[in-house]
Amino acid sequence: MLGRSLRIGKLLGINITLSWSFLLLVVAISLMMAIRSGDILIGLVVGPLSLALISISILAHELGHSVVAQRLGVKIAEIELHFFGGAAKMLSLPKRPRDEIAIAAAGPIVSFALAGLFGALSIVLPETMGIFGLLASINLMLGGFNLIPALPTDGGRILRAALTPKYGPLEATRIAVKIARVATIGLGAWALI
């Protein structure tokens, strides 16, 4: 398919696609690795390999969302990997706020479980050149970042769903957006410092 994304396969009955913006990420990481190592060949090999490992972690995170969504009756059109990570594209919305919480929490839970697994493997198998340690760190950051209460992250979706029973969906979304703005400004300030 030569449209927005390229279908690369199917997993658990869900189409997996790559956005063309993903290619920019391959180039960016390869260049970063080449600059850090001072060797273009290392960048061309290690960059795509690193990205493949990161993509597997992102895919597992999105599969966590998708499996829980399907069990709660929400159909998933596809999982798309793109420049900013990935997205499980739902064809419908969860019926209840607690379903949205379960779906949103599933991704970080998978990421934290993988961080624990890879962390343990890095201790048991230290001769793996730090690959398991890197995967543990990636999954820990992926899970943690996604729990920031800023829409459209998982934490923002959990916050909105938790506020919905008291305030209704529209007001809950407004409140979650206000909190997201504060969180974004806080992250920006932290990054500058």
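Q: Is Lys89 buried, exposed or partly exposed?
A: Lys89 counts as partly exposed, because its relative accessibility is 24%. Bear in mind that this is a predicted model.

Q: Which residue does Lys89 form a salt bridge with?
A: Glu78 is the partner, and the closest N and O atoms are 3.3 Å apart. The pair links distant parts of the chain, with Lys89 in strand β4 (residues 85-90) and Glu78 in strand β3 (residues 76-82). They are 11 residues apart.

Q: And Glu78, buried or exposed?
A: Glu78 is buried, at a relative accessible area of 14%. Buried here means under 20%, so the 24% of Lys89 makes that residue partly exposed.

Q: How many salt bridges turn up in the whole structure?
A: A search finds 7.

Q: What does Asp99 pair with?
A: Asp99 forms a salt bridge with Arg96, and the closest N and O atoms are 3.0 Å apart. Asp99 is buried at 6% relative accessibility, while Arg96 is partly exposed at 38%.

Q: What about Glu100, where does its salt bridge go?
A: Glu100 forms a salt bridge with Arg160, with 2.5 Å between the closest N and O atoms.

Q: How accessible are Glu100 and Arg160?
A: Glu100 counts as buried, with 13% relative accessibility. Arg160 is partly exposed, with a relative accessible area of 22%.

Q: Which residues are in the network that salt bridges with shared partners make?
A: Glu100, Asp154, Arg157 and Arg160 are joined into one network.

Q: Zooming out to charge overall, how many positive and negative side chains does the protein chain have?
A: There are 16 positive and 9 negative side chains. The centres of the two sets lie 10 Å apart.

Q: What share of the residues counts as buried?
A: Of the 193 residues, 38% do. The protein chain exposes about 11300 Å², and carbon and sulfur atoms supply 74% of that area.

Q: What does Ser111 touch?
A: Leaving out residues up to four places away in sequence, Ser111 touches His61, Asn139, Leu142 and Gly143.

Q: Now the backbone. Where is there a cis peptide bond?
A: A cis peptide bond joins Leu151 and Pro152, with omega at about 10°. Pro152 is in the loop between α4 (131-146) and α5.

Q: Which non-glycine residue has a positive phi?
A: Leu12 does, with phi at about 55°. Leu12 lies in the loop between β1 (5-11) and β2 (14-19).

Q: Leu12, buried or exposed?
A: Leu12 is exposed, with a relative accessible area of 57%. The cut-off for exposed is over 50%.

Q: Last one, on α4. How far apart are Ile131 and Gly144 in space?
A: They are 20 Å apart, C-alpha to C-alpha, and 13 residues apart in sequence. Ile131 is in helix α4 and is partly exposed, at a relative accessible area of 31%.

Technical notes
Residues numbered from 1 in each chain as written. Predicted model: local features only at pLDDT ≥ 70, side-chain atom pairs only at ≥ 80, totals over all residues. Heavy atoms only, no water. Buried < 20%, exposed > 50% of the residue type's maximum accessible area, 1.4 Å probe, protein only. Areas by Shrake-Rupley, 256 points an atom, 1.4 Å probe, with all protein chains shown as cover. Lys, Arg positive; Asp, Glu negative; His and termini not counted. Charge placed at Lys NZ, Arg CZ, Asp CG, Glu CD. Salt bridge = Lys/Arg side-chain N within 4 Å of Asp/Glu carboxyl O. Helix = DSSP H or I, 4+ residues; strand = E, 2+ residues; numbered from the N terminus. Contact = heavy atoms within 4.5 Å.
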